[in-house]
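Here are a few exercises on aromatic rings and surface patches. Grab the viewer and work through them in order.

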Amino acid sequence: MELKYNSQLGQDKWVCETLKFLKNGVWVDVGCGMPDYINNTYVLEKELGWKGISIDIDPRLTDAWEGAGRDAKMVYTTDAIALDYKKLFEENNMPKVIDYLTVDLEPPTLTLEALFKIPFDDYKFKCITYETDSYRNFDTVEPSREFIQSKGYKLVKEVSRQDDYWIHPDLV
């Protein structure tokens, strides 16, 4: 399938290929950023009919998402570190198995904090990508890997010492 991928490091392409171009999937995008430019979920929504929750602290993004033809109803403008993810997932009737979790906050220590807040004991994710930025000498790789591995996930790819790609082996 020929799709126009928009992510920075091929996260969207990897998810598409890993999940065999699944249609109507579900994502959680923490630190979603702009609706199309280097966005990990753009192609999933626009080409494959996915839906999901997107979270970013920048209040200008809701208008940008609407302007890009994306579903802005599920964009939450809030602090990803202070968020009660379990409550958010419950309020939005998220399935217990979510197809894709992506986390990319600045600095990467915030990505690690957000990972610790995700209710992994209540929800499972088929694929996970998150930014470690170990190339910038952030010490987030080992703690994040130990944590995600302890939840039953398997590291399948490290990209440019910047992002880790994981799967849940029981689901993929």
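**Exercise 1.** The charged end of which residue sits over the ring of Tyr-123?

*Solution.* Keep in mind that this is a predicted model. Go to the ring of Tyr-123 and look for the charge over it: it's the charged end of Lys-96, 4.4 Å from the ring centre.

**Exercise 2.** Classify the ring pair Phe-116 and Phe-147, then say which parts of the chain the pair ties together.

*Solution.* The structure holds 7 aromatic pairs, and this is one of them. Start with the geometry: the ring centres of Phe-116 and Phe-147 are 4.9 Å apart and the planes sit at 85°, so call it edge-to-face; the cut-off for that label is over 60 degrees. Next, place the residues: Phe-116 is in helix H5 and Phe-147 in helix H6, so the pair ties together parts 31 residues apart in sequence. Last, check the cover: Phe-116 is partly exposed at 44% relative accessibility, while Phe-147 is buried at 16%.

**Exercise 3.** Now do likewise for Phe-120 and Tyr-153.

*Solution.* With centres 5.8 Å apart and planes at 70°, the rings of Phe-120 and Tyr-153 are also edge-to-face. Phe-120 belongs to the loop between H5 and strand E5, Tyr-153 to the loop between H6 and strand E6, so this pair bridges 33 residues of sequence. Phe-120 is buried at 2% relative accessibility, and Tyr-153 is buried at 4%. Putting it together, ring pairs join Phe-116, Phe-120, Phe-125, Phe-147 and Tyr-153 into a cluster.

Definitions and conventions:
Residues numbered from 1 in each chain as written. Predicted model: local features only at pLDDT ≥ 70, side-chain atom pairs only at ≥ 80, totals over all residues. Heavy atoms only, no water. Phe/Tyr/Trp six-rings, centres within 6.5 Å; stacked < 30°, edge-to-face > 60°. Helix = DSSP H or I, 4+ residues; strand = E, 2+ residues; numbered from the N terminus. Buried < 20%, exposed > 50% of the residue type's maximum accessible area, 1.4 Å probe, protein only. Lys NZ or Arg CZ within 6 Å of the ring centre and 35° of its normal.
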